[in-house]
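I opened this notebook to keep a record of what I looked up, one topic to an entry.

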Amino acid sequence: MKAFREYFKNNRFNITCGEAKEIVDTKIIGVLVQFTRDRRNLIPVLQKVQEAEGYLSAESITEISHFLDVSENDVYSVASFYAQFRFTRPGDHIIKVCLGTACHVRGGERILDNVERELDIQPGQTTSDYKFGLERVACFGCCALAPVMVVDQNVYSRVTPAKTKKILELYK
Ligand code: FES
């Protein structure tokens, strides 16, 4: 990565994809070389880096800052303004528990409590082995199936606290 920084320091506006790849091949660089070094590209660069990495790591913020010649503080403040950007690595499996009105009335909170206890994390967090991430959702739009829990793309309906553990076992 150091070589990459040195390269950009000395060749600020003229770089081709091939040249960058010769220096070091990483996901971040693979994204950066698609853009010109114009600070107006900050949001699209952040979006593409997150798409490639799954989140915005401290390292990627540093590289973006260097690439666009914008301070790291500014990169952070722009990124943190938008809910679409995340700064922690997501889990391999994303668990979403619905707490919308229908799910709440039918025990959604207890489902969430069970998942939290089982995985020892809170919504917005990832397990230490990066296997699971947990999120709370306002409504999946399938209220007749309440309470609803979604793991990756799989929808589980009429979930009970007892079912929660069995569902999680499927992904361990
Ligand atoms: S309230 Fe849970 S799916 Fe609508």
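**Ground rules.** I am working with a predicted model, in which local features need pLDDT of at least 70 and side-chain atom pairs count only at pLDDT 80 or more, while totals for chains, interfaces and linings use all residues. I number residues from 1 along each chain as its sequence is written.

**Whole chain.** I looked up the elements and found 9 helices and 4 strands, where helices (H or I, at least four residues) and strands (E, at least two) are DSSP runs numbered from the N terminus. Read from the N terminus on, their order is α-α-α-α-α-α-β-α-α-β-β-β-α. I then looked up burial, and of the 172 residues in the chain 22% are buried; a residue is buried if 20 or more other C-beta atoms, placed from the backbone, lie within 10 Å of its own, exposed if 12 or fewer, and partly exposed in between. Among contacts with a separation of 6 or more, 55% come from residues 24 or more positions apart, a contact being two residues whose C-beta atoms, placed from the backbone, lie within 7 Å.

**Helices α4 and α5.** I turned to helix α4 (residues 42–53) and helix α5 (residues 58–68), whose axes come within 11 Å and cross at roughly 150°; axes are lines fitted to C-alpha atoms, for helices over the stretch in contact, and angles run from 0 to 180 degrees between N-to-C directions. From α4 the contact takes Leu42, Val45, Leu46, Val49 and Glu53, and from α5 it takes Ser60, Ile64 and Leu68.

Which residues of α5 are buried? I noted Ser60, Glu63, Ile64, Phe67 and Leu68, and they lie on the same side of α5 because they cover an arc of only 115° around the axis, the arc being that of the directions from the helix axis to the C-beta atoms. On the face turned away from that buried side I found the exposed residues Ala58 and Glu59. Just after α5, I also noted that aspartate 69 takes a positive phi of about 60°.

**The sheet.** I traced an open sheet of 4 strands in the order β2-β1-β3-β4, with mixed pairing; two strands pair if DSSP finds at least two bridges between them. Its edge strands, each pairing on one side only, are β2 (132–137) and β4 (154–156), and the twist averages 20° from one strand to the next. Helix α8 (residues 108–119) packs on the sheet and touches β1, β2 and β3, its direction making about 150° with that of β1. Strand β1 (residues 93–98) and strand β3 (residues 149–151) run antiparallel and are joined by 3 bridges, and valine 97 stands opposite methionine 149 in β3.

**Threonine 164.** I placed this residue in helix α9 (residues 161–169), and threonine 164 counts as buried because it has 23 C-beta neighbours inside 10 Å. Leaving aside neighbours within four places in sequence, I listed its contacts as Ile111, Asn114, Val115, Glu118 and Val159. Isoleucine 111 is 53 residues away from threonine 164 in sequence, yet 6.8 Å away in space, C-alpha to C-alpha.

**Lysine 172.** Histidine 93 is 79 residues from lysine 172 in sequence and 9.4 Å from it in space, C-alpha to C-alpha.
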